[in-house]
Amino acid sequence: MGIDFFAKAESPNQISCLDSVFRMRSLMARVVLIRHGDDPDDDRVVTYFRSRGLEPEIRKPFKGEALGEVDGSVIGSVVYGGPFNVFEEEKHPFLYDENRWIEQCIRRDVPLLGICQGGQSIAHVLGAPVGPKPSEPHEFGYYEIKPTEKGRSYFPETLTVAQAHFHEFQIPHGADNLASSEIFRQQAFKYGNQTFGFQFHAEVTPRCFRRWQDNDWAAYGKPGAQTRAEQDVLMARHDHRQHVWFMGFLDKLFGKAVKEAVGT
């Protein structure tokens, strides 16, 4: 089916055929989201792909769901945060499957984003240390990050983002450190052309974060953690800007592949 067919499609039959081609193309294309919990799929990553006409495939290896191979149908992947230590593969064998998936995405140059635990997993696969700082400070709330020199093409001069962690990744050999906060100097990295690791949670909406506030693991009282009142104030002040930035970032990373998949 060549370019001339698309350019000259005028009859109802031809238009219907085009619609079928685009639907088949979007059905064949897979964006795989690897999750580590049972929260509703109302985060910004899911919203982004659905708004572009592509239904993401959500997989939960921690529940025994196999990931399979990163074949030609996979046009992007996001590895989410979670409660698991990425260096405890023997305790959590599903992490071996996730590591293999990450390796294949990197090798095939598939757009890949790791968030919090997911970013730590990418760093771990690439040989970088992951774990808590000696005094175990936490970031739980909304914290300002600033770009490094190499991060200026991805981040504004300052951005306040949602956080929920006390482990951190070091920057893998060959990767670029893109952003830092006052407590954790490694907040984002880029490896190669299309692999990114974030320590923060820009995907989290206020609704998502409020669920975290009510969770048993909420780190209130830990060193560095904000109070709920502080979080509520900062959420109201900064979430919209976080949303706008993150949607733009997702479009830079995944937009071209998604447009090709859905035919827009």
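Trainee: In which sense do strand 6 and strand 9 pair?
Mentor: Strand 6 (residues 139-147) and strand 9 (residues 176-181) pair in the antiparallel sense, over three bridges. Two strands pair if DSSP finds at least two bridges between them, and strands are DSSP runs of E with at least two residues, numbered from the N terminus, while helices are runs of H or I with at least four. This is a predicted model, where local features need pLDDT of at least 70, side-chain atom pairs count only at pLDDT 80 or more, and totals for chains, interfaces and linings use all residues. Residues are numbered from 1 along each chain as its sequence is written, and side-chain values use heavy atoms, leaving out hydrogens and water.

Trainee: And which residue is the bridge partner of isoleucine 145?
Mentor: Serine 181, in strand 9.

Trainee: What's the strand order in the open sheet?
Mentor: Its nine strands run 2-1-3-4-11-10-9-6-7, with mixed pairing. Strand 2 (57-59) and strand 7 (159-165) are at the edges with a single partner strand each, so one side of each lacks a neighbour in the sheet. From one strand to the next, the twist averages 25°.

Trainee: Switching to helices: at what angle do helix 4 and helix 5 cross?
Mentor: Roughly 75°, with the axes of helix 4 (residues 94-107) and helix 5 (residues 117-125) coming within 10 Å. Axes are lines fitted to C-alpha atoms, for helices over the stretch in contact, with angles from 0 to 180 degrees between N-to-C directions. That makes the two helices roughly perpendicular (65 to 115 degrees).

Trainee: Which residues make the contact?
Mentor: Among them are Leu95 and Ile102 of helix 4, and Ile122 and Val125 of helix 5; contact means heavy atoms within 4.5 Å.

Terms used. Parallel < 35°, antiparallel > 145°, perpendicular 65-115°, else oblique.
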